Amino acid sequence: METTANAEQLVAKAQAQNLSFYYSDYQALKSINMTVHEKKVTALIGPSGCGKSTLLRCFNRMHDLYPGNRYEGGIRLHPDNTDLLSPDVDPIEVRMRISMVFQKPNPFPKSIYENVAYGLRVRGVNKRVILDEKVEEALRDAALWDEVKERLDDLASNLSGGQQQRLCIARALATEPEMILFDEPTSALDPIATANIEELISELKEKVTILIVTHNMQQAARVSDFTAYMYLGELVEFGATDQIFIKPQKKETEDYITGRFG
Amino acid sequence: MDLRDIQSIRAVIARGKRWDVIFSLLGLLALMTGVLTFVALFADMTIQGAPRLSLDFFTNFPSRRAGEAGILSAWVGTTLVMLTTAMAAVPLGVAAGVYLEEYAPKNWVTDVIEINVTNLAGVPSIVYGLLALGLFVYQFGLGQSILSAGLTLALLILPIVIVATRESIRAIPQVIREGAYALGATPWQTVRDHILPYSSAGILTGVIIGMARAIGETAPIITIGALTFIAFLPPAPYQETLPFFNFDWLMAPFTVMPIQMFNWTSRPEAAFQANAAAAGFVLVLMTLAMNGLAIFLRYRLRRNIKW
Ligand SMILES: Nc1ncnc2c1ncn2[C@@H]1O[C@H](COP(=O)(O)OP(=O)(O)OP(=O)(O)O)[C@@H](O)[C@H]1O
Ligand SMILES: [Mg+2]
């Protein structure tokens, strides 16, 4: 635990410790050490191919779905100090605690209601009253309720792109995760939908820890409390967003942020 | 040549377009060869068989007198055999396809299995008949029954069902799968709630196309010893007393439409040729109806799915 100048308490939610990752023989992450603070937004930035998505997908063991992938080191999830990458820990358990929102909205070809309810159904919740309540709460938290409350049984694919992405956020929220991973959640959206999602993310951190990959530096500056700059699979610099954007410690970070590179 | 000279540009375009005309004519001709041949055959069969197409034709057993002979035992036999085929081929084929796509580790063993499954679709059907004669009829003691025939045809269309299952599963975008897993779903929950529902249209289409092929199969059915003349029906699948259904029909002797046709075409009398034509007409209609059903189901089931 560390303390900042204004005595705000920072609690570590997840800590990557000497985390390396291999796609078969190709090493995509090189000994990453980084702390994700509880109820803060942490942004991962860096040029294309630097390993942002790869790092993000370690946090919910998404890489376990494909053969040949290998982790080294660990990710400690607090408060219980579980090593998420330990072979003894079931990746499904990890995904139940940490949910994810993808780059392109990927609603299931089911109704709006069933999309949000799916995570609960997976957990064996099938009582209509409970589902109704949780679905409404998640849709409200995702700032979508007012737009869809009249048509919960409509197909999710009839929504606009921005609405679909908020639906995916609601789907991720419905199971009350401890942390949500966002992989460039606005890259497929127009500026207005993007602004809505950014606002939403800023609100969500009251409830949940957020780790977000973004290509867009203004976005990182707007929504995040902490920023990690990655390059070629390494974590170059990590710190408070203000500090990274105003006076970065490393030359490479400064070059990237000022647009001289990347 | 001056690349900017408008005259020569036009000449080049005109020369290129000549080939478009030539090819589209050739293509149309190729298409017409297939379509017209079928239409001519079908029309000829219809004209020849039309006088025989009456309700009696469907409710009469075959007979030595051509004018009284019907296809009752044949269409009942075909229906029951197809039912058995579907009951066996669908669960086996879908389970195998889902296993290969969603569960099997990707290594050389599964590669070999994959290649074999694809090749099985090309094995001549009579080979399956021979296999079934040894295995189902004698080894398992199922006899020359509807069950033996259904299982034989199931074997024949199994590769079609497996391939259709795999292809429609592969059409599901990976992000949908990841979306389910990211919520903590197990592989089985993902298969049950997403993979199967979203691929059901493709699977059903594959099953029906397979069945449409099986319905006309003659060689393997003759090989296992279907009767060519049969004047009684299998026991009914339902009964008055509990449990109301009954599976005795599975073990009954039977005949099927193509065998009935084959039997009639081998008779010298012209009147029997008309019967064969009428039966052929019915068989083609059955096949077309199945294909129509496939198109309808694909449309209905895919309505909600956009990718
Ligand atoms: N499935 C894979 N197999 C092998 N290499 C991969 C795989 N996925 C990604 N890589 C490689 O790993 C490196 C990091 O990729 P990653 O997708 O994490 O980058 P990224 O920072 O998210 O880039 P972008 O901003 O373009 O999304 C890249 O060099 C990429 O080519
Ligand atoms: Mg990425």
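Biologist: How many cavities of 30 Å³ or more does the structure hold?
Modeller: Four. This is a predicted model: local features need pLDDT of at least 70, side-chain atom pairs count only at pLDDT 80 or more, and totals for chains, interfaces and linings use all residues. Residues are numbered from 1 along each chain as its sequence is written, chains are lettered from A and ligands numbered from 1 in the order in which they are written, and side-chain values use heavy atoms, with hydrogens and water left out.

Biologist: What counts as a cavity or a pocket?
Modeller: Take a 1 Å grid over the protein atoms alone. A cavity is a set of points where a 1.4 Å probe fits but cannot get out. A pocket is an open set with protein on both sides within 12 Å along at least five of seven lines. Lining residues have an atom within 4 Å of a point. Points are joined across faces, edges and corners, and a volume is the space filled by probe spheres set on them.

Biologist: Which residues line the largest cavity?
Modeller: From chain A, they include Ser99(A), Met100(A), Cys168(A) and Arg171(A). Gly179(B), Ala182(B) and Leu183(B) line it too. Its volume is about 70 Å³.

Biologist: And which elements give two or more residues to that lining?
Modeller: Strand 8 and helix 6 of chain A, plus helix 7 of chain B. Helices (H or I, at least four residues) and strands (E, at least two) are DSSP runs, numbered from the N terminus.

Biologist: OK, pockets. What is the volume of the largest pocket?
Modeller: About 550 Å³. It has 20 lining residues, and nearest its centre lie Leu65(A), Glu101(B), Glu102(B), Tyr103(B) and Tyr181(B).

Biologist: Which helix gives the most to the lining?
Modeller: Helix 3 of chain B, with four residues.

Biologist: How does the lining split by class?
Modeller: Eleven nonpolar, one polar and eight charged. Ala, Val, Leu, Ile, Met, Phe, Trp, Tyr, Cys and Pro count as nonpolar, Asp, Glu, Lys and Arg as charged, and the others, Gly among them, as polar.

Biologist: What about the second largest pocket, how much space lies there?
Modeller: About 280 Å³. It is lined by 15 residues, with Pro105(A), Pro107(A), Ile176(B), Lys306(B) and Trp307(B) closest to its centre. The classes are nine nonpolar, four polar and two charged.

Biologist: Switching to sheets. What order do the six strands of chain A take?
Modeller: 8-9-10-5-11-12, in an open sheet with mixed pairing. Two strands pair if DSSP finds at least two bridges between them.

Biologist: Why is one side of strand 8 left without a neighbour in the sheet?
Modeller: Strand 8 (98-101) and strand 12 (234-240) of chain A stand at the edges, each with a single partner strand, so one side of each has no neighbour there.

Biologist: Which strand does strand 8 join, and by how many bridges?
Modeller: Strand 9 (residues 179-183) of chain A, by four bridges, running parallel. Ser99(A), also in the largest cavity's lining, has Ile180(A) as its bridge partner in strand 9.

Biologist: Which strands of chain A form the antiparallel sheet?
Modeller: Four of them, open, in the order 4-3-6-7. Strand 6 (residues 69-77) and strand 7 of chain A share two bridges, and Leu77(A) stands opposite Thr82(A).

Biologist: And chain B, how many helices and strands?
Modeller: Eleven helices and zero strands. Its C-alpha atoms fill a box of roughly 85 × 60 × 35 Å along the principal axes.
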